[in-house]
Amino acid sequence: MMQLIQKHFGTIPVAYVSIKHSFARQYLHNSIAYTNKIIRDDIEQQFPNATFIDINKHMCDNELMNLEYFEPDGLHISKKGYQVWRNAIFDQFLSTQRM
């Protein structure tokens, strides 16, 4: 994905939001964590213009996912969850602009 962005747009700043964990797909927790690690490592090593946002750390309280951030189905994000995403992305944007 990053190669395509660079090919078509050059070295623009990019923020990549991690794959989120969910209650409905807890059986994929380890796979999601592993995939996020590979993506984070790739971004940090090869794309200095890109930032990896680990959305999962923002959706947890004491390392446990906060139920309030999910709809009752345990998969989709609630309004409160989207506020968390907005704040995490906005904070990253602000910190990037200060550099």
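Asparagine 49 touches Gln6, Thr11, Ile12, Pro13 and Val14, with residues up to four places away in sequence left out of the count; contact here means heavy atoms within 4.5 Å. The residue is found in the loop between H2 and strand E2 (50-53). Helices (H or I, at least four residues) and strands (E, at least two) are DSSP runs, numbered from the N terminus. Asparagine 49 counts as buried because its relative accessibility is 17%, where buried is under 20% relative accessible area, exposed is over 50% and partly exposed lies in between (1.4 Å probe, protein chains only).

The model is predicted, with pLDDT of at least 70 needed for local features and 80 or more for side-chain atom pairs, while totals for chains, interfaces and linings use all residues. Residues are numbered from 1 along each chain as its sequence is written, and side-chain values use heavy atoms, with hydrogens and water left out.

The chain contains 4 helices and 4 strands, in the order α-β-α-β-α-β-β-α from the N terminus on. Along the principal axes, its C-alpha atoms fill a box of roughly 40 × 30 × 25 Å. Of the 99 residues, 31% are buried. Among contacts with a separation of 6 or more, 60% are between residues 24 or more positions apart. The chain exposes about 7100 Å², of which carbon and sulfur atoms supply 56%; accessible areas come from the Shrake-Rupley method with a 1.4 Å probe, and for residues only the protein chains shown count as cover. The 10 positive and 10 negative charges have mean positions 6 Å apart. Lys and Arg count as positive and Asp and Glu as negative, whereas His and the chain ends are not counted; each charge is placed at NZ of Lys, CZ of Arg, CG of Asp or CD of Glu.

The loop between E1 and H2 holds serine 18, which counts as buried because its relative accessibility is 4%. Serine 18 touches Asn36, Phe52, Ile53, Asp54, Ile55 and Asn56, not counting residues up to four places away in sequence. Its C-alpha atom is separated by 9.2 Å from that of lysine 37, 19 residues apart along the chain.

Histidine 21 lies in the loop between strand E1 (14-17) and helix H2 (29-46). With a relative accessible area of 10%, histidine 21 is buried. Its side chain makes a polar contact of 3.1 Å with the side chain of histidine 29. A polar contact is a pair of N or O atoms within 3.5 Å; within protein, one must be able to donate a hydrogen and the other to accept it, and residues adjacent in sequence count only if both atoms are side-chain atoms. Beyond neighbours within four places in sequence, histidine 21 is in contact with His29, Ile32, Ala33, Asn56, Met65 and Phe70.

The structure holds 3 aromatic pairs. Phenylalanine 23 and phenylalanine 70 form one that is edge-to-face, at 5.2 Å centre to centre and 80° between the planes. This pair links distant parts of the chain, 47 residues apart: phenylalanine 23 in the loop between E1 and H2, and phenylalanine 70 in the loop between strand E4 (64-65) and helix H4 (79-98). Rings of Phe, Tyr and Trp (its six-membered ring) pair if their centres lie within 6.5 Å; planes under 30 degrees apart count as stacked, over 60 as edge-to-face and the rest as tilted. Phenylalanine 23 is partly exposed at a relative accessible area of 26%, whereas phenylalanine 70 counts as buried at 6% relative accessibility.

Aspartate 61 lies in strand E3 (residues 60-61) and is partly exposed, with a relative accessible area of 39%. A polar contact of 2.6 Å joins its side chain to that of asparagine 66.
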